[in-house]
Amino acid sequence: MRLILIMERTVGTVRRRAWLMAAVTVAAVSVVPAAVAQAATQRQDVVASFYPLAYAAERVGGNRVDVANLTPAGAEPHDLELTPKQIDQLLDADLVLDLGRNFQPAVEKASEQRDGPTVKLLDVLPVKTGGKTVDEDDPEALDPHVWLDPVLMGDIVTHVQRALARADPPGRATYRRNADAFRAELAALDTRFSEGLADCDRKLIVTAHESFGHLARRYGLQQEGVAGLSPDAEPDPKRLADLADLVERNGVTVVFTEELVSPRIADTLAREAGVRTDVLDPLEGLSASKQQRGATYTSVMSTNLAKLRDALGCR
Ligand SMILES: [Zn+2]
């Protein structure tokens, strides 16, 4: 694997050199002053491993960065595999953002070969990791879904701001201004969640996979996932029967499904328990249709709040 990575890197370097030589040739005949041309091309290349981190980088970086998201639109990020081109992109980036702790092992493995900075957010956020990693076979494993807590998302923004300021000191003031604006938006979202979920008939949410644990803890809810911490960890029949029981005992009215994960099992559970389903979006990736409609982290979270309030009978 290491050898393949190195070979890929070499191919990338050769390609880059060829491109650079072409650029030099163009510059030689161009009338654009060199300093201007250079300033225009000094955007920071940021590679983020999935949507919430890419969005944070876009918001904080503004027009000083080019952000690439390794997880394609409409795919979910657990167990992401990388193409050779993506590995090349990751190796060449000025800054890489991922969660670390085994959330996306392929990204972490490739990042190890980098010379430049990589921010592994689970290592720096105020989350008790207890030395654990993300492991779909272990029900006690680390919950990676930190971005669904608007307060922790604010902390992610702060770390992205610091990393960008380190990589590109002249942009420091821009990054601070952009980060302040996004943090204010997240603080307002946090207030709306706190107030919106304060007075409800029920506290239990049943989700497609256990992605809302950090959000549930922040706002005093309880979560049961039809699948485990990863959408691939499918429940056995006994677990489904127990869940149907739990749904009935707690007067749960909605079983939540996700756009990027098959609703088959959640549908079965809802049918068995005689309740309806609705889509709650864990923001692991934005579907192409949502992107086209201009949806963002904040707008999807607002929709999530409305659906939670409806399902829990909040006033
Ligand atoms: Zn997940």
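**View 1. The right-handed β-α-β unit formed by S5, H9 and S6.** In this predicted model, strand S5, helix H9 (residues 213-218) and strand S6 make a right-handed β-α-β unit. Right-handed here means that, with the strands pointing away from the viewer, the path from the first strand over the helix to the second runs clockwise. S5 (residues 204-207) and S6 (residues 222-225) run parallel and are joined by four bridges; strands are taken to pair if DSSP finds at least two bridges between them. Leu-204 has Gln-222 of S6 as its bridge partner. Helices (H or I, at least four residues) and strands (E, at least two) are DSSP runs, numbered from the N terminus.

View 2. Ten of the eleven residues of H3 (residues 51-61) are buried, a residue being buried if 20 or more other C-beta atoms lie within 10 Å of its own, exposed if 12 or fewer, and partly exposed in between, with C-beta atoms placed from the backbone. The buried residues of H3 include Tyr-51, Leu-53, Tyr-55, Arg-59 and Val-60. Packing against the buried residues of H3 are the strands S1 (44-48), S2 (65-69) and S3 (95-98), together with the helices H7 (150-167), H8 (172-196) and H13 (297-312). Just after H3, Gly-62 adopts a positive phi of about 50 degrees.

**View 3. Asn-102 in the loop between S3 and H5.** The loop between S3 and helix H5 (105-111) contains Asn-102. Although Asn-102 is not a glycine, its phi is positive, at about 75 degrees. Asn-102 counts as partly exposed because it has 16 C-beta neighbours inside 10 Å.

**View 4. Leu-283 in the loop between S8 and H12.** Leu-283 is located in the loop between strand S8 (276-279) and helix H12 (288-292). Its phi is near 60 degrees, a positive value in a residue other than glycine. Leu-283 has 24 C-beta neighbours inside 10 Å and therefore counts as buried.

**View 5. The protein chain as a whole.** The protein chain comprises 13 helices and eight strands. Of its 315 residues, 38% count as buried. Among contacts (C-beta atoms, placed from the backbone, within 7 Å) between residues at least 6 apart in sequence, 59% join residues at least 24 apart.

**Notes to all views.** Residues are numbered from 1 along each chain as its sequence is written. For this predicted model, local features need pLDDT of at least 70 and side-chain atom pairs count only at pLDDT 80 or more, whereas totals for chains, interfaces and linings use all residues.

Terms used: Contact = placed C-beta atoms within 7 Å.
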